[in-house]
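Please walk through the sheet and the salt bridges of this model.

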Amino acid sequence: MTIAALEAVEVDYPRGRALGPFDLSLEAGEIVALVGPSGCGKSTALRLLAGLEAPTRGTVRRAAGRGETSVVFQAATLAPWLSAAANVALPLELAGLPRARARAQALEALGRVGLAGAENARPAQLSGGMAMRVSLARALVTRPRLLLLDEPFAALDEITRRALADDVLVLWTELKPAIVFVTHNVEEAVYMAERVVVMTPGPGRAAGETAIDAAMPRLPRFRTTAPFRHAAEAVSNQLAAAMA
Amino acid sequence: MRRAVAILAPLVLVALLLGGWELACRALAVPAYFLPAPSAIGASLVADAPLLLSSAWNTLAMALMALLLASAFACTLALLTATSRTVERAVHPLAVVLQVTPVVAIAPLVVIWAGLAHPERAVVSLAAVVAFFPIFSGALTGLKAADPDLERLFDLYGASRWQKLSRLRLPSAVPYLLEGHKVAAGLAIIGAVVAEFVAGSGGAQGLAWRILEAGNRLQTARMFAALAVLGLMGAALHALFQMAERWALMRWGGR
C-alpha cells in the first residue's frame, strides 16, 4: 500500500526553482533515504510529504492523515520551558488527549528511547544525543504511519549518530512506520535504508536509485560487509555523477 | 582573594575620590552653596533622611505604578499587534514616533490633561509613556521569536491559533518580556523624575521636587544628598529586576 507519493512535483521559490520535477513513492513500512548536497531540495521534499507546504506544480498523495505523520528536524527542536515528558506529550495534548493519559504515553515513549528517569529534565540539561532521543520519542508517541527524518543526526558526533541510527531501526521494527530519511552521509543512508535515492544539486531531481539488498533491521556488523561497501560505492558514484 | 579584590577595588576608588573631594573643598575653601564637601552631604543625608526617604518612596511608587500601567498597555497592544501583519504595520510607526519624542516635550500637555491639581497623575502617565516602548518591542519581538521548526511541528499536529499562541508564542516570549521589563523599570524612574521636574509643583513631592526645592534655596548639600538617594534607588531597582530576571529565566529554561 502506498503511504505517500510525490508525482512530478515542482517547487519554485522567489529565488528560483528548489525542487523538481521529482517523483517519489513510499510503501507502508518502507525506509527510503534521500541523499544529496546541501540545497538540493531534500528538506523541501520532506515538507511536501508532511503537508507543511504545497507544490507549485504536480501532485502530492498522502494516505497518512494529519495525526499520522511525524517529523524530526536536524535540531532537537524542543520547547526549552517544558520538561522532556511534557515535550513528548505535546502532540497528544494538542490532539485533545487528557493530560494524564498524554503523560502516561509520553513516559512510555521516553522509556522506549532509553530515557526512563529523564522525564523531568529540561532540554538545557540534556546532552545533544539525549535531546535528539526526546525528539524521536515525541515523533513516535503518536504512533505515526509516516516518519520524516530531516538530517536528524547531522549535529551529533559519529559514535552518538551510529547509536541513534540503531535506535531508530529498533523503533522501526516495533512500530513499522514508513520512514523518509534525509542525509548527506552516504554510509548512514546505506546502513538504514532499503532504497537510497540520490538527488542532484538545486533544483533537486532524482539522479539515481539504489536498492540495498540486506535483511532488515540492519545490525552494526552490516557496516563491515561487502554488500555494504558495494552499495556505498554505487551511491557515492551516483552522487559524484550528479554533482558533475 | 580575587573576589575580595573585585569587591574592594571600586570601594577603594570611591573612598579615594571622596577623600580628594573633601580635601580640595577644605584646602580651596570652596563655598558650600557651590560645592559642598562630602562630609556636609553626609550630614545632610543623615539629617534629612526621613524627608528624603519619603520623597524617594513617592518617586518609586509613581515609577512602579507607571511600570504596571505601561506593562498592561504594552502587553495588550503587543498581543493585538502580533495577531496580524496588517495591524503591526499600522501600529509600528506610531510606537516609534512615541518612542523618539522626548518625554520633556509632551510633559506640559500631559500636565494640562492630568489637571493641575493632580501632578502625580501626570508623573505616572509620563513615566508610563517612557516605560512603554521597551516592553512593547520586547513583547512583539518575543511573540515572533518562536523556533520556526517548532512552529512547523505545531502546524503538523494541527494546533489551533489559540494553542499556538498560548502554548508556543507566549512561552517563547518570556525571556524577551523579562528583559523588556528590566529596561523599562530603569526608564520609569528616569521618566518619573523628568516628569516631576516639568510638572514643577509640590503636589507630587518626589525626589526631583526635593532637588528643585533645595536648589531654589541654595541648599546644595541636600541636592547632592537627594541625587545620591536617587542613584542608589535606581541601582537597587536595577539589581532587583536583574535578580528577578535571572531567577525567572532559571525557572523557565531549567538551567
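E10(A) has a relative accessibility of 14% and so counts as buried, where buried means under 20% relative accessible area, exposed over 50% and partly exposed in between, with a 1.4 Å probe and protein chains only. This is a predicted model, in which local features need pLDDT of at least 70 and side-chain atom pairs count only at pLDDT 80 or more, while totals for chains, interfaces and linings use all residues. Residues are numbered from 1 along each chain as its sequence is written, chains are lettered from A and ligands numbered from 1 in the order in which they are written, and side-chain values use heavy atoms, leaving out hydrogens and water.

E10(A) forms a salt bridge with R57(A), with the closest N and O atoms 3.0 Å apart; the term requires a side-chain nitrogen of Lys or Arg within 4 Å of a carboxyl oxygen of Asp or Glu. R57(A), at 38% relative accessibility, counts as partly exposed. Because R57(A) lies in strand β4 of chain A and E10(A) in strand β1 of chain A, the pair ties together parts that are 47 residues apart in sequence.

Those strands belong to an open sheet of three, ordered β2-β1-β4 in chain A, with antiparallel pairing. Strands (E, at least two residues) and helices (H or I, at least four) are DSSP runs numbered from the N terminus, and two strands pair if DSSP finds at least two bridges between them. β2(A) and β4(A) (57-62) stand at the edges with a single partner strand each, so one side of each has no neighbour in the sheet.

β1(A) (residues 2-13) pairs with β2(A) (residues 16-27) over eight bridges, and a hairpin of two residues joins them. Here D12(A) stands opposite R17(A). Between β1(A) and β4(A) there are five bridges, and A4(A) has R62(A) as its bridge partner.

Chain B also has salt bridges. One joins R26(B) and E22(B) at 2.8 Å, N to O. The two residues are four apart in helix α1 (residues 2-28) of chain B, which means a separation of about one helical turn. R26(B) is exposed at 59% relative accessibility, whereas E22(B) is buried at 16%.

Another salt bridge links R217(B) to E213(B), with the closest N and O atoms 3.4 Å apart. E213(B) is buried, with 15% relative accessibility. Salt bridges with shared partners join D48(B), R210(B), E213(B), R217(B) and R222(B) into one network. Over all chains, the count comes to 29 salt bridges.
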